[in-house]
Amino acid sequence: MSFPWAKQYEPQHPVMQWIDSRMPLPRLVYNAVGPGYPVPRNINYWYNFGVLAGVAMMVQIITGIVLAMHYSANASAVPGAVDGASIAFMSVEHIMRNVNSGWLMRYMHANGASFFFIVVYIHIFRGLYYGSYKAPREVVWMLGVVIFLLMMATGFMGYVLPWGQMSFWGAQVITSLFSAIPLVGESIRTWLVGGFAPDNATITRFFSLHYLLPFVIVGVVILKIWSLHIPGSTNPTGVDVKGPQDTLPFHPYFTAKDFFGICIYLIVFSVFVFFIPNSLGHPDNYIPANPLSTPAHIVPEWYFWPFYAILRAFTVNFLWIPAKLWGVIAMFSSILLLFFLPWLDNSRVKSTSYRPMYRIWFWVLVVDVLILGWLGGAPAEEPYVRISQLAAAYYFAHFLILLPALSFFEKPLPLPNSIAESVLAKHDQSAATPAMAE
Amino acid sequence: MTAVDQGIEHPPHEDGVRRRDFIHVATGSFAAVGAAAAVWPFINQMNPSADVLALASIEVDLSAIQPGQAIKAVWQSKPIFVRNLTAKEQQEADAVPLSALRDPATLEQITKPGHKNWLINIGVCTHLGCIPLGAGEGEPRGDYGGYFCPCHGSHYDTAARIRRGPAPLNLLVPPYTFKTPTLIEIG
């Protein structure tokens, strides 16, 4: 699963040789993230975000295991609580006030979810820009979409667990999406929440699944890395690796680079955890869940906003299909169409740097998704609804019309002959510039 | 060949120490200290939380306990036996020679000065942690009139000292003080 010039693992120590012939785990590590894995030498800092996603995932799993030691999934009211606070809600407050470093664990977990999504969104757009979804990496991309869906399910269910107002009404709204399905929708919804409205049966099953799904994600991540390591990473030129001059061993070159990236990431993460820990959450979730009163302006967590905006963009019945069902179909389609991306884009040029027309539309898409995100957090009134409709229309047009069409019309820029050549050309340029300045 | 390759080929220093070794050791040390500092909260979170520690001491009102009567209180999730000894029970305890005891102690040493009638113990058998009988109304008090552990048959006397059975020690005495003649604080 590597290039022929990859360094071979040759254990010198007799103990390592003994292990290698019985359980070659050190060999696996050597070939996966060690000197035995050659990586295109020109990958830039955008390529750090895969490893950062792995770091974010481990932070979530470790802090999550800790929180589960103190959390209690129980929607019953605490006896005598004036505000009807549930045992679950108070167990979160218990974590904040009583458990040693509990506040740190919870703020790391809550902000960690947001950071996991930030990292993954950047990672996805990196893949879009450098054509990482194209052959022979379609499976890598599709497994990534699977992870994204699992993350959304996990993030949603985690947000329900504190059983505040946003938790409760989030659970109500998201499970109601399934009631849009004709005929069986209402039965499916009742089955999902285990009752006629979110209650104790909902919180216990969500807790169980919220603990399970991260380990499913770990499993898919392992499959994704496995499939990635067969062709290896793409690179900013999109030109395939042709020989040893195009690569550097993962260790020490990219372990050092990733370690540096992790340090920067942790600094930014720490700023949020220690100084603005509630900035990414909604204050209403510190109000205990009240099944008889919906907050005036309910929104999901920010990382769902682009998709929430697409859901709300459909306001009229059309073609005998009710608006509600259109919204749900559109929202799920907006993610599911990513599975077909490798076959929607027929351009043979991978890197957008060499696609003058697509480069413009790529940045339009970035802005479009940011606008959708802004709209998803805005109230459901004009002009936001009309802008949502336009932005959602562009989102689908981008993938279903623009991308297939561009592969016919676009004349790509000339590609470098090899990675090494492009690296050396850059080096010569940068070497020449200071000389001229002098 | 390239800038990268030129960069790593520093000639070794005269004594074989390279400048890069210092960077490696410094980076490794910094990472190790950072990791240790980061790991500590994850370990410490399993220690007793503030609400548990807040219940680390309790007050017990003794005024309603008649001679010969005992009550149970809960301190740090463990039962506390509080017993108002009768004069006869105190005499029985004093009559036992220390040489006959597995864990020698006098009633004076077990109780507080001036409060010899108040026998206060942690109600956990020193053998394997069962709760002995004898503090509740109508419970068997064993062959020595104190406490009796039904799990493995340890008999304690009227000063809660082990007299027969597998337990190695007398029932433990919790730390406590008399705040008033009828109010104690345990813990």
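User: How many bridges join strand 3 of chain B to strand 4 of chain B?

Analyst: A word first: this is a predicted model. Five bridges join strand 3 of chain B to strand 4 of chain B, and the two strands run antiparallel. Two strands count as paired when there are at least two bridges between them. With five bridges, strands 3 and 4 of chain B therefore count as paired. Within this pair, Phe81(B) stands opposite Asn121(B) of strand 4.

User: What is the order of the strands in the open sheet of chain B?

Analyst: The order is 2-3-4, with antiparallel pairing.

User: What makes strand 2 and strand 4 of chain B edge strands?

Analyst: Strand 2 (70-75) and strand 4 (118-122) of chain B each pair on one side only. The twist averages 20 degrees from one strand to the next.

User: What holds strands of a sheet together in general?

Analyst: Strands pair through backbone hydrogen bonds, either parallel or antiparallel.

User: Why is Lys78(B) called partly exposed?

Analyst: Lys78(B) has 14 C-beta neighbours inside 10 Å. Buried needs 20 or more, and exposed needs 12 or fewer. The count of 14 falls in between, so Lys78(B) is partly exposed. Lys78(B) lies in strand 3 (residues 78-84) of chain B.

User: Which residues does Lys78(B) contact, leaving aside its neighbours within four places in sequence?

Analyst: Lys78(B) is in contact with Ile122(B) and Val124(B). Ile122(B) is 44 residues from Lys78(B) along the chain, yet their C-alpha atoms are separated by 7.1 Å.

User: Where does helix 15 of chain A bend, and by how much?

Analyst: Helix 15 (residues 384-409) bends by about 45 degrees at His398(A).

User: Which residues of helix 15 of chain A are buried, and what covers them?

Analyst: The buried ones are Ser388(A), Ala391(A), Ala392(A), Tyr394(A), Tyr395(A), Phe399(A) and Leu403(A). Their cover includes helix 11 (305-312), helix 12 (323-336), helix 13 (341-344) and helix 14 (356-376) of chain A.

Note on methods:
Residues numbered from 1 in each chain as written. Chains lettered and ligands numbered in written order. Predicted model: local features only at pLDDT ≥ 70, side-chain atom pairs only at ≥ 80, totals over all residues. Helix = DSSP H or I, 4+ residues; strand = E, 2+ residues; numbered from the N terminus. Contact = placed C-beta atoms within 7 Å. Axes fitted to C-alpha atoms, helices over the stretch in contact; angles between N-to-C directions. Bend = angle between axes of the 7 residues up to and from the residue.
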